[in-house]
Amino acid sequence: MDMMATDTKQSAPVRAPSSAPSSWGLGDGQAIPWEYAPAPESSEIVTIRDRYGLMVGGREVPSSDGTTFTTVNPATEEPLAEIARATEADVDMAVKAARQAQSKSWGRLPGRERAKYLFRIARLLQERSREFAVLESIDSGKPIKESRDVDVPLAAAHFWYYAGWADKLEYAFPGRVAKPLGVAAQVIPWNFPLLMLAWKIAPALAAGNTVVLKPASTTPLSALLFAELCREADLPPGVVNIITGPGEIGMALVTHPDVDKVAFTGSTAVGRKIAQGIAGQGKALTLELGGKAANIVFDDAPLDQAVEGIVNGIYFNQGEVCCAGSRLLVQESIAELLIAKLKDRLATIRVGDPLDKNTDVGAINSRAQLDKITELVAAGVAEGADLYQPACELPERGYFFRPSLFTNVAQSHRIAREEIFGPVLATLTFRTPEEAIEKANNTPYGLSAGIWTDKGSRILMMVRRMRAGVVWANTFNKFDPTSPFGGYKESGYGREGGLHGLQAYVRLEDR
Amino acid sequence: MPGVRLGAPDRIDIRKTYKLYIGGAFPRSESGRTYLVTSPKGDELANASRASRKDLRDAVRAARKAFEPWAGRTAMNRGQVLYRVAELMEGRRDQFVAEVAATEGLSGRRAGTLVDHAIDRWVWYAGWADKIAQVLGSTNPVAAPYFNFTIPEATGIVGLVGPESSSLLGLVSRLAPILVSGNTTVVLASETRPLPAVTLGEVLATSDVPAGVVNLLTGLKKELVPVLAAHVDVDAVDTWGVAPDDQVAVERSAAESIKRIARRPRGVTDAAFDWTDDRAAQRPEWIAAFLEMKTVWHPIGA
């Protein structure tokens, strides 16, 4: 996951600026004149068709009214394909297909056989990993080294992990009988399209549910390729159904009366609408929503590691990460030094072509998201925070944004309160651990937190006091299929990953 | 108004004023309002306080203040505090039996059974305090050099809309699992059968449950439930005692701040549920409903 940690070797010392204390020899953040030859990953491995239909009941079908929408490459703004725009009738058809598969085939299959299908899917994902990685980077804008080294391997690992649970449910919940919930409606975001699909589908299928999944409308391609992979795995028709379309179709899906379970990952605003939309329907619901994580650096922290962790925390995947460490809380005594080191590190970050293997920060996913980031950064400047951006060149076309670092930020600033979902870091300082705790928890969100210190007892104290579902100590943005992930407070409820993630897809009955 | 009788008939008895329980104190409603509580047969039993929105907000404040210290107690200590509630209820058993019998219109024998179950339920949940983390937590074998573990923690403030029919046993059955993990609560007692809940508050006040951990309100649900569901500093709601017709509105309102919502199991009605069925009415899942799972990563290395 430490994608950006791989290029520490290049961060050679730069000349000391007159404004920085000479003892540091660092801190002006000038771009280092490293020339990189282009190292593009070939896209030949992927065939993107002109048109894609809905994947319902094991077949590809056009939408019932024939309408489509376009998915574009955010790095070039070129259209990639026309995608069927599902209607409510299509939603109904997909739920029916899932219901039928659940009651007729998948729900009756012994866990042992479900496991074998899931292992098969994991293996196929590994076999076709390069193809998925390239497709993911083209459709989403994320750097190829992230899709190649993080998204796709983790997606395969999730199927692998949950495959093994399928025939061991009786050991997962001792004293209880775990039954599938039925049909799961799953709506996923555009930041980790294939990985979020895996987080949703793997535990659902392991427990004997069938699914209707709607990928985000800007990133449908990897889900549609996954549907093809399901056919290749000979997965029974209707077990996995993929419908594509805008948010209204997601809402139609989750509110469909024959859905038993709803799982959503996305913004808190949409999560709220979903919870309200299904109010009183008795559906099981898990929500994985927004975040505004504090990454807290104490004065005894290993600073160079912390710098890598901060960079990974906020610039990984262009900062389009719900658990991104978007608020840097630095102990006052080391703030100047840490910021200087951070500026130097930022100067070595390469922004550009997602398919270039040297790229650290790719394209922002959409024009709308780029506008939102731009607007919030402007608000930060207008409210009086100091903005620093490295002098990197951005491609002429495509949705790109410079890695941004704000200092002199107040807690009341929008950039310190709102989820930006972009490569924008807001720095605040603190003097005492108590002040750090208060500031870290001073948000309606509670998804993740980071702690950097060499003192073990302080780590455990901070762990206890953080109101956040994932706490990274001396690391950040690590993920694993065995590790439960999810939020406190308005970051949602329920967990994905691990045994806790499995529980979200079962009904426990007495023996 | 005959009230709830205890003791010999040849003496003028001292009747109790049934008050609210907020932040460890027993105020009347700041609104000065009361409402008449009757037995199922229509006998007048007492005037209960009719809590206002302001009382509810005060209760939430008290619960918030009490949360970190209560959640920060050791698990064993919380277990002992819950067990202490059982000890004190046992000592007041006759009073609870008389109140439950009068409030729910039951024979003394049946009421005795319900009170016994209520006392035993505290004991059952008390024993869970230092076991939840071992049953519901985990260490996770991640595929990288990190030590990774998951621990359950209390959600925060839980708004409990108490069962309407079962004035004491139902309430205790929903309250104890909320408390045992370290949550604090604002409880809306049964509207029509509120008296045993108030007496329970008196037990809590004289046990070792810290002030503000449980705050008990009596009053009209149509006034109080919407305020409880909408209050942004309430982290979760237990909707057991919400009227079926109001369930959608409560859930919609609770969703505004992404509250956790606990519901009656599918197909279960408040009136018909058998609270003496231990298998159905005391469940670790009811503890888990108000827990957050926290996962911690730390590198392994020199």
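This note goes through the predicted model point by point, from conventions to the chain interface, the strand pairing and the domain interface.

1. Conventions. Residues are numbered from 1 along each chain as its sequence is written, while chains are lettered from A and ligands numbered from 1 in the order in which they are written. Because the model is predicted, local features need pLDDT of at least 70 and side-chain atom pairs count only at pLDDT 80 or more, whereas totals for chains, interfaces and linings use all residues, and side-chain values use heavy atoms, with hydrogens and water left out.

2. Extent of the chain A and chain B interface. Taking contact as heavy atoms within 4.5 Å, the interface draws 46 residues from chain A and 39 residues from chain B. The buried area, that is, the accessible area (1.4 Å probe) that two parts lose on being put together, summed over both, is about 3400 Å² between these chains, with carbon and sulfur atoms giving 48% of it.

3. Seven salt bridges (a side-chain nitrogen of Lys or Arg within 4 Å of a carboxyl oxygen of Asp or Glu) are counted between chain A and chain B; one of them joins B:E153 to A:R467, whose closest N and O atoms are 3.8 Å apart. There are also 29 residue pairs in polar contact between chain A and chain B, both residues being at pLDDT 80 or more; a polar contact is a pair of N or O atoms within 3.5 Å, where within protein one must be able to donate a hydrogen and the other to accept it, and residues adjacent in sequence count only if both atoms are side-chain atoms.

4. The side of chain A that touches chain B. Elements here are DSSP runs numbered from the N terminus, helices being H or I with at least four residues and strands E with at least two. Those of chain A that each supply at least two residues to this side are α9 (268-277), α15 (456-465), β18 (470-473), β19 (492-493) and β20 (506-510), and the largest share, five residues, comes from α9(A).

5. Strand pairing across the chains. Two strands are said to pair if DSSP finds at least two bridges between them; by this rule β18(A) pairs in the parallel sense with β10 (residues 291-299) of chain B over three bridges, and A:V470 stands opposite B:T295 in β10(B).

6. Strand pairing within chain A. Strand β5 (residues 78-84) runs parallel to β1 (residues 51-52), joined by two bridges, and antiparallel to β4 (residues 68-73), joined by six bridges. In β5(A), A:E82 is the bridge partner of A:R51 and also of A:T70. The hairpin of β4(A) and β5(A) has four residues between the strands, and A:E77 in the turn has a positive phi of about 65°.

7. The two domains of chain A. With bounds that come from an automatic or database domain assignment, chain A is divided into domain 1 (51-289 + 488-510) and domain 2 (291-473), and their C-alpha centres lie 30 Å apart. The contact takes 32 residues from domain 1 and 37 residues from domain 2. Together these domains bury about 2800 Å², 53% of it on carbon and sulfur atoms; A:E77, A:W190 and A:Y488 lose the most area on the domain 1 side, together 22% of what that side buries.

8. Polar links between the domains. Three salt bridges are found across this interface; A:K145 forms a salt bridge with A:D360, with the closest N and O atoms 2.7 Å apart. The rule for polar contacts finds 18 residue pairs between the domains, both residues at pLDDT 80 or more.
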